[in-house]
Amino acid sequence: MSSATDMFGAALAVVGVLFFLAGTLGLLRFPDIYTRIHALTKADNLGLGLICLGAAVQSGSLMTALKLLLIWILVLVAAATGASLIAQTAHGRGIPPWTRQE
Amino acid sequence: MTTLYLVLVGVLMGNIAVGLLRILRGPTAADRIQAGQLFGTVTVAILLLLAIILEKPIYFDVALVFALLSVLAVVAFVTRSWPHPDAKDQDEQRD
Amino acid sequence: MAVFDLILGLLLVILVRKCLSITDMFGAVISFMAFGLLMAVAWVRLEAPDIALAEAAIGSGLTGALLFSTLGRLPHSETRQPLVPRGSGSGPGYWLVTGFWWAAAMVLIATFVFSFQELQTPGLGGPLQERLAESGVLNPVTAVLLNFRSLDTLMEIAVLLAAVVVAWSMGYVDWPARQTIPSPLLPGVVRLLTPVFLLVAFSLLWRGSHAPGGAFPGGAVLAASGILLLLSGMTVQISPRGMSWLRWVLSAGLLVFVLAGVSLMAAGFGFLVYPEQWAGNLILLIEASAGVSIGAMLLALYVGGEPDMAPSQPNNPVSRPQ
């Protein structure tokens, strides 16, 4: 039983790390700040969320699981606030959104 | 299982190494702070995985403090030090 | 694990190098913050959770806010100016010096690794564990900080207070400082987060007796909460009476510490030598007052000068149009 939960937790962590990879790839390859924010928030929200979930499944204690939930919520709040503030200020400062040049 | 987690931590460290490129390239300050924010999240993830590998739940608390304080840097950046195109005027206003 | 440690060490060296050699201040600040993050991971790898907590709270949160706010106060042209002229960092002289230091560092590391076999039990871990029972706390780090070597901690708090005194003697700051709130989202989020900050700060303080935590990380989280409130546009009116309260809060840590020491001396135990049955409670009292004081002192250092008491501005937390 414990090995089954371990496997499940590890699988969640692997998928989470894949989201981090996608986020970093987006950070490097996307053309402007707004699209990069879009890529990054995937890593923050889903990547860390899945890793937290994986760790919670493995820990097997309710207190730890709640703590991990709190960590995820805090990172969510931080990421959402940061993304919104950066995007709003960038827009206010007149950084133009990228458009495809034909 | 531990080996798998170590590989995952290694991949996350690689993320930081590659993310350094964005800090180097910019072009705007906002892009760099974005990379910094990603570093913060990656660090939280690394700490969580290390806590599992080393079987020390105390490191979840270190991750919690990081998660709590990660908002501070970006707020400080946006409200205080975003290089402003007409910063000259603001400097005069402030003095 | 060894590979992971190697990558971590390499990244740390690369970040330090970037931090020192990057040509604009903003990049240097970001590199320094990334360095702080990885340093906390390194402390975790070294199995030093207490230092990792302090690094997490001070190194990443407070330092980042402090450096960004400082950058914002510099004239715009200065932050973009290269720290070092472009030409430096090349040429035979540079490489000679760098090569020398690298070689010296390598020799040092090699000597350290080879002498590693002799260090069977590093440090004072063994004797500390033996006498932990009489310290009144269960966490060995707290036992050292607040019982066995409490004089050192007393002096650290005194140094911090002296730093605040020096900062205040530099003059008044505009209080409230310039307020530019980019979006109504920010005050709302901060309102949501402040209770969590307080909860974490005081839980860190409380658990210092039996687990990693204690006055310094707790105080740092407390200060971070204050900084976040200031950044989100909170304005404070400080009356002369509030000012004297502020002075008391700032010095409470040192005062309680010294008072405890002196009264123990008067009772015949010696300066800061706790009798075993009171040790736990005394440490809790000292740690709690020190934690609150450290939070206030770090916040005062962030503000960077004596708050001006004169009501300079009506209470107006609303954003000013840019």
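A salt bridge is a side-chain nitrogen of Lys or Arg lying within 4 Å of a carboxyl oxygen of Asp or Glu. The exercises below concern a predicted model.

**Exercise 1.** Find how many salt bridges and how many residue pairs in polar contact are counted between domain 1 and domain 2 of chain C.

*Solution.* Begin with the domain assignment, which places domain 1 of chain C at 1-118 and domain 2 at 136-322. Across this boundary, eleven residues of domain 1 of chain C are in contact with 15 residues of domain 2 of chain C. The area buried between these two domains is about 1000 Å², and carbon and sulfur atoms give 75% of that area. On the side of domain 1 of chain C, Asp50(C), Leu53(C) and Leu62(C) supply 48% of the area buried against domain 2, more than any other three residues. The count of salt bridges between the two domains is zero, while one residue pair is in polar contact, with both residues at pLDDT 80 or more.

**Exercise 2.** Determine whether Glu47(C) and Glu55(B) are buried, partly exposed or exposed.

*Solution.* Glu47(C), in the loop between helix H2 (25-45) and helix H3 (49-73) of chain C, has a positive phi of about 60 degrees although it is not a glycine. Its relative accessible area is 43%, so Glu47(C) is partly exposed. Glu55(B), in the loop between helix H2 (29-54) and helix H3 (58-81) of chain B, has a positive phi of about 55 degrees. With 66% relative accessibility, Glu55(B) counts as exposed.

Notes. Residues numbered from 1 in each chain as written. Chains lettered and ligands numbered in written order. Predicted model: local features only at pLDDT ≥ 70, side-chain atom pairs only at ≥ 80, totals over all residues. Heavy atoms only, no water. Helix = DSSP H or I, 4+ residues; strand = E, 2+ residues; numbered from the N terminus. Buried < 20%, exposed > 50% of the residue type's maximum accessible area, 1.4 Å probe, protein only. Domains from an automatic or database assignment. Contact = heavy atoms within 4.5 Å. Buried area = accessible area lost by both parts, 1.4 Å probe. Polar contact = N/O pair within 3.5 Å; in protein donor to acceptor, adjacent residues only side chain to side chain.
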